[in-house]
Amino acid sequence: TSAQIGVTGLAVMGRNLARNFARNGYTVAVHNRTATRTRELVAEFGHEGDFVAAETAKEFVAALERPRRLVIMVKAGDPTDAVIQEFAPLLEPGDMIIDGGNAHFADTRRRERELREQGIHFVGTGISGGEEGALHGPSIMPGGSKESYEPLGPMLEKISAKAQDGAPCVTHVGPDGAGHFVKMVHNGIEYADMQLIGEAYQLLRDVAGYSPARIADIFRTWNTGRLDSYLIEITAEVLSHVDAATGKPFVDVVVDQAEQKGTGRWTVQIALDLGVPVSGIAEAVFARSLSGHAALREASRGLAGPKPAALDEAEAAVFADRVEQALYASKIVSYTQGFHEIAAGSAEYGWDIDLGAVSAIWRGGCIIRAAFLDRIRAAYDARPDLPSLLSDETFAREIAAAQDDWREVLVAATRQGVAAPGFAAALAYYDALRAERLPAALTQGQRDFFGAHTYRRVDRDGSFHTLWGGDRSEASA
Ligand code: NBP
């Protein structure tokens with residue numbers, strides 16, 4: 001038998017992806033460095049579809065029909081290069097290697113370039129949705145050549161998540177590293193969403209004085225409105241869970257130090273390189289990092305500050321509604337920043353990414369899936385050259401309506417001494433963008449003073465320098 005697709009790397013992600021292809025009627029060749037994993041997969045799930053178990057790389061490649069479609073699901077980094085080096089010599093022009101791991105897009109660009117010389121398509125593909133997504137339908141973000149999408153796209157469409165309107169959550173994002181870049185920003189946005197939800201929770205707990213169970217109910221209510229999303233839904237589940245051992249709310253027995261695997265950090269690092277202000281995503285990454293500094297936190301516990309005092313019942317209810325407004329407005333800002341980064345990456349690398357299509361494929365399968373993404377798609381459909389999501393009329397109107405509450409929430413957070421860096425960064429971004437004048441003018445003056453870095457004037461073209469150490473006359477630079 002010849003297989004239409006092959007998967008090598010059969011840990012949780014690869015195994016589930018292979019099963020997903022098989023359950024959708026494809027014959028799937030399976031291979032893993034350690035062959036016991038391959039045998040286990042076939043023994044346990046062989047009844048789900050047609051698998052061809054391959055012990056060696058040669059057998060694996062021989063089992064694939066041409067053009068060969070070979071999916072790699074191994075640990076990102078050196079293991080990916082090792083696998084490519086093992087398989088590439090066995091492939092022929094027109095074949096394709098699909099890397100579904102969480103590769104850095106710069107690595108994907110390099111691999112694509114190297115394999116292109118051999119006539120092999122390298123399709124760096126972002127896959128979101130964790131192990132459940134891999135099995136039941138992930139959101140899939142393939143990069144690589146347009147040509148490679150023809151024989152590959154229909155298969156990905158089949159195994160992908162479907163949005164509520166039935167559209168498959170996959171699109172050819174753009175050439176070379178575009179898919180992994182978009183997956184990276186997806187994860188950055190995911191960090192920001194989680195941070196904002198965390199701040200909303202903490203404020204409801206400390207300022208409104210609500211219990212985790214009560215906050216879970218609030219999140220359930222929010223999930224029926226414009227915040228309807230997977231992350232809000234699971235937040236309610238986590239908050240209402242009670243620890244069996246102690247009878248306490250689960251959230252109170254978990255160590256409050258958040259971990260990270262790195263894609264959120266990459267989003268910020270690349271944003272710095274591209275000069276894109278993704279302050280909300282950056283605060284989310286920093287907040288996780290701060291939480292992990294146990295000794296520093298311990299040493300700081302005695303620092304002065306207000307102790308939050310809970311509001312009375314009526315005030316608390318008003319406050320809870322305000323928090324919903326603050327959360328929604330901040331969410332608009334973090335998506336605005338994330339899409340700005342995608343647009344900047346697209347311009348820098350010549351990817352020509354369709355931002356509306358990206359928001360459409362995030363509607364299902366992935367962690368940030370949400371009703372909200374339909375609105376983003378509508379915004380880009382209405383105006384593909386939208387300079388910023390904040391320029392969309394609907395979003396602008398919603399933020400206008402939310403802003404008084406957003407500000408009040410931050411006033412309360414500040415007065416009561418509850419850190420809300422995500423909400424604050426989002427509002428600062430909003431206010432800075434709409435400001436008539438920014439203190440950047442002063443910054444330019446300082447730079448010219450100490451370093452003769454020159455400045456531009458509002459009333460004349462050209463660059464200028466003031467002779468600060470002399471008579472302070474102005475010279476054209
Ligand atoms: P892991 O990231 O834990 O990788 C384990 C797999 O890599 C095993 O099949 C292992 O083979 C193989 N491998 C390693 Br490690 N080094 C190798 C080498 N030098 N040569 C050949 N194979 C090698 O698996 P995972 O959690 O299933 O994730 C797979 C990819 O998917 C990763 O890039 C991950 O970032 C990405 N991803 C994961 C998730 C998620 O929710 N877990 C979501 C989205 C994307 P062995 O069995 O012989 O040790």
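## Exercises on strands, ligand shell and loops

Three bridges join strand 1 (residues 5-8) to strand 4 (residues 69-72), and these two strands run parallel. The model is predicted: local features need pLDDT of at least 70, side-chain atom pairs count only at pLDDT 80 or more, and totals for chains, interfaces and linings use all residues. Residues are numbered from 1 along each chain as its sequence is written, and side-chain values use heavy atoms, with hydrogens and water left out.

**Exercise 1. Trace the pairing of strand 1 with strand 2, then with strand 4.**

Step 1. Helices (H or I, at least four residues) and strands (E, at least two) are DSSP runs, numbered from the N terminus. Two strands pair if DSSP finds at least two bridges between them.

Step 2. Take strand 2, residues 28-31. Strand 1 is joined to strand 2 by four bridges, and the pair runs parallel. Valine 7 has valine 30 as its bridge partner there.

Step 3. Turn to strand 4. Valine 7 also has a bridge partner in strand 4, valine 71. Threonine 8 is paired with isoleucine 72 of strand 4.

**Exercise 2. Follow strand 4 on to strand 5.**

Step 1. Count the bridges. Strand 4 and strand 5 (residues 96-99) are joined by four of them. The two strands run parallel.

Step 2. Pick one position. Opposite leucine 70 stands isoleucine 97 of strand 5.

**Exercise 3. Are the faces of strand 1 and strand 4 buried or exposed?**

Step 1. Buried means under 20% relative accessible area, exposed over 50%, partly exposed in between (1.4 Å probe, protein chains only).

Step 2. Check strand 1. One side carries Ile5 and Val7, the other Gly6 and Thr8. All four are buried, which leaves both faces covered.

Step 3. Check strand 4. Arg69 and Val71 are on one side, Leu70 and Ile72 on the other. They are all buried, so the definition puts each of them under 20%.

**Exercise 4. Describe the shell around the ligand.**

Step 1. Count. The ligand is surrounded by 20 residues (a heavy atom within 4 Å counts as near). The closest are Met13, Asn32, Arg33, Thr34 and Arg37.

Step 2. Assign elements. Helix 1 (12-23) and helix 4 both supply at least two shell residues. Helix 4 has the largest share, with three residues.

Step 3. List polar contacts. These are pairs of N or O atoms within 3.5 Å; within protein, one must be able to donate a hydrogen and the other to accept it, and residues adjacent in sequence count only if both atoms are side-chain atoms.

- Methionine 13: a polar backbone atom is 2.9 Å from a ligand oxygen.
- Arginine 33: a polar side-chain atom is 2.9 Å from a ligand oxygen.
- Asparagine 102: a backbone N or O atom is 3.1 Å from a ligand oxygen.

**Exercise 5. Where is the cis peptide bond from arginine 66 to proline 67?**

Step 1. Read the torsion. Omega of this bond is near -5°.

Step 2. Proline 67 sits in the loop between helix 3 (57-62) and strand 4.

**Exercise 6. Examine the positive phi angles of alanine 452 and threonine 454.**

Step 1. Read the angles. Alanine 452 has phi near 50°. Threonine 454 has phi near 70°.

Step 2. Locate alanine 452. Its loop runs between helix 20 (440-451) and strand 8 (464-466). Threonine 454 is found in the loop between helix 20 and strand 8 too.

Step 3. Classify exposure. Alanine 452 counts as partly exposed because its relative accessibility is 42%. Threonine 454, with a relative accessible area of 22%, is also partly exposed.

**Exercise 7. Is serine 160 buried or exposed, and is arginine 437 buried or exposed?**

Step 1. Start with serine 160. This residue lies in the loop between helix 7 (146-159) and helix 8 (178-206). Its relative accessibility is 3%, so serine 160 counts as buried.

Step 2. Find a partner. A polar side-chain atom of serine 160 lies 3.4 Å from the backbone nitrogen of cysteine 169.

Step 3. Move to arginine 437. Its loop links helix 19 (421-434) and helix 20. Arginine 437 is exposed, because its relative accessible area is 58%.

Step 4. Take one distance. From arginine 437 to glycine 177 the C-alpha to C-alpha distance is 38 Å. In sequence the two residues are 260 residues apart.
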